[in-house]
Amino acid sequence: MKEEIITSGRMNPYIDPHLNIWHWQIPLYLFLGGLAAGILFFAALYTIQGKQDKYRTAVKIAPFITPFILIIGLIALFWDLKHKLYFWQLYTTIRFESPMSWGAWTLMVVTPLSFIWCALNIKVIFPDWDWKFQWVKEVEAFFRRNILVISWILLIFSLILGVYTGILFSAFNARPLWNTSILGPLFLASGLSAGAAAIVLLSKDHFERVQMAKIDLIIIAVELFLIIHMFMGFLASTQVQIDAANLFLGGPYTTPFWLFVVMLGMVFPAILEILELRGYKMPHYIAPILVMFGSLMLRFIIAYAGQESRWLY
Amino acid sequence: MRYAMAIDTKKCVGCSDCVVACQTENNVPIGYCRDWIVEVTDGTYPQLEIEIRSERCNHCENAPCVRCCPTGASHYEDGGTVLVTHHKCIGCGACIASCPYDARYSHPDGYVDKCTFCLDNRVKKGEDPACVSVCPTKCMYFGDLDDPNSDVSRVLKMRKWKTLIPEAGTKPHVYYLI
Ligand code: SF4
Ligand code: SF4
């Protein structure tokens, strides 16, 4: 049999025998970024549509978790940096060629906006809240007058944030598994789905829950379509991408991916949601928790499997 | 000016002198390397072919590591060499993930490090990079591609050569004579 044996004398930490430079921090950061993007997207969307009262949880309550998860995400990102004291260099320049750069800047737009959003709705959570200082009240009034402008900015930047979580990976042609433009839309869809799930989880209003569950169903269908599309693309591509796809089609990531991401994270919650919409009674928190779990696992598995996929030469 | 290196796979015996020379010249931490030896055995027994290569950063003309660096720490320096400015590097690892040759590593001090073609410490003083100057079989050539009389231009004119993973679109500046 014709064989090719490659022996390398290189044994650098984090590189050999295969890349393992990114650990749990990066997928966690991407999941939290996507989740926050999803929640803020719906909050902005329903505000623009003037449906704040119909979707009270989506607009006024769910966004309260976003500043926390964005900050935990940023801490995770910071944790992963190996030259931490120079972190500020990230914000001395914008490089549009580098997703890491414009993604970091997107977070710098979305995080303050999430704080402003919460401040504007603080009375929903704490009815007796008083801003004490006159100037704070004036700033608040200014934001309130311009809520539509803020919503539009938030809508656009939450979409950018959601798509960035995927593009961060897809920009690397060195890792054939990541090098597919499907990852941008797939991670965006996964973030929106997780966001919708969080709203279902927090909402006490039946109408809102049903509407968000319906939206979630559509997004899950889109995700399944994108996943199939991604594998079709890989299998019709070059050998390195076929090898990358095989990590999931018989290779070491087959069970975790199809079981945790596709079955438990998409198909099963979709079935539960359909049954619930048909009137079957069941605990409403199971489906959204599974959706969020699937979204987290998707990031973990793509992050780890991607680092194993490579060019052989 | 475009610095480049040509490495003769027919002459290289895989002795690793270049690896040790680089580690010494550049104070590479123990357990790490900026260049390394790869041996590829190809064919069906007993018709086997062996190729030995001394590999390093290819100082790509279209370098993904430069493209994806968020701070500009990874950059093109004189003669197209790709370098990392240590005090600008945040250690995010994006460039490490972006290199199809896995030529970069995370230095224990936090920043990212890799082959520099010995630009500041040797080449600017008119010397060859450490690996080139130490090779006992003289299998490496270094110089300016824009100068038709440089060692590297001449040998690339005379010999057949290849670059590694040209399909990755990186346009390497390290050539392998075959
Ligand atoms: S070989 Fe890797 S590290 Fe060197 S320039 Fe090319 S992509 Fe960058
Ligand atoms: S690790 Fe340093 S050199 Fe590499 S991309 Fe990040 S900031 Fe740039």
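**Note on a two-chain predicted model with two ligands**

1. Start with the interface. Chain B and chain A bury about 3700 Å² between them, and carbon and sulfur atoms give 55% of that area. The model is predicted. The contact draws on 48 residues from chain B and 41 residues from chain A.

2. Next, the chain B side of this contact. Several elements of chain B each supply at least two residues to the side that touches chain A: β2 (36-44), β3 (47-55), α2 (64-68), α3 (94-98) and β6 (105-106). Which of them gives the most? That is β2(B), with 9 residues. Sorted by class, the side of chain B that touches chain A holds 25 nonpolar, 13 polar and 10 charged residues.

3. Strand pairing also crosses between the chains. Strand β1 of chain A, residues 3-8, pairs with β2(B). The sense is antiparallel, and the pairing runs over 6 bridges. To find it in the model, look at A:I6, whose bridge partner in β2(B) is B:V40. In general, strands of a sheet pair through backbone hydrogen bonds, either parallel or antiparallel.

4. Polar links come next. Across the interface of chain B and chain A, 23 residue pairs are in polar contact, with both residues at pLDDT 80 or more. The same interface has 2 salt bridges by the rule used. Over all chains, a search of the whole structure finds 18 salt bridges.

5. One salt bridge deserves a look. The side chains of B:D102 and A:R175 meet at 2.6 Å, N to O. Why does this pair join two chains? B:D102 lies in the loop between α3 and β6 of chain B, while A:R175 lies in the loop between α7 (147-170) and α8 (183-202) of chain A, so the link runs from one chain to the other.

6. Then ligand 2. How many residues surround it? There are 13, and the closest are B:C69, B:S74, B:C89, B:C92 and B:C95. The shell around ligand 2 divides into 9 nonpolar and 4 polar residues, with no charged residue.

7. Chain B has an open sheet of 4 strands. The order is β8-β1-β10-β9, and the pairing is mixed. Which strands form the edges? They are β8 (140-144) and β9 (161-162) of chain B, each pairing on one side only. Inside the sheet, strand β1 (residues 3-8) and strand β10 (residues 174-177) of chain B pair in the parallel sense over 4 bridges. A place to check this is B:A6, which stands opposite B:Y175 in β10(B).

8. Leaving aside neighbours within four places in sequence, A:W131 is in contact with A:A119, A:I122, A:V136, A:K137 and A:E140. With A:E140 there is also a polar contact, side chain to side chain, at 3.4 Å. How far is A:W131 from A:F225, C-alpha to C-alpha? The two atoms are separated by 48 Å, and the residues are 94 apart along the chain.

9. In chain A, the bond from A:D16 to A:P17 is cis, with omega near 0°. A:P17 is in the loop between β1 and α1 (25-48) of chain A. In chain B, the bond from B:Y45 to B:P46 is cis, again with omega near 0°. B:P46 is in the loop between β2 and β3 of chain B.

10. B:S16 is not a glycine, yet has a positive phi of about 70°. Where is B:S16? B:S16 lies in the loop between β1 and α1 (17-25) of chain B.

Technical notes:
Residues numbered from 1 in each chain as written. Chains lettered and ligands numbered in written order. Heavy atoms only, no water. Near = heavy atom within 4 Å. Nonpolar A, V, L, I, M, F, W, Y, C, P; charged D, E, K, R; others polar. Contact = heavy atoms within 4.5 Å. Buried area = accessible area lost by both parts, 1.4 Å probe. Salt bridge = Lys/Arg side-chain N within 4 Å of Asp/Glu carboxyl O. Polar contact = N/O pair within 3.5 Å; in protein donor to acceptor, adjacent residues only side chain to side chain. Pairing = 2+ DSSP bridges.
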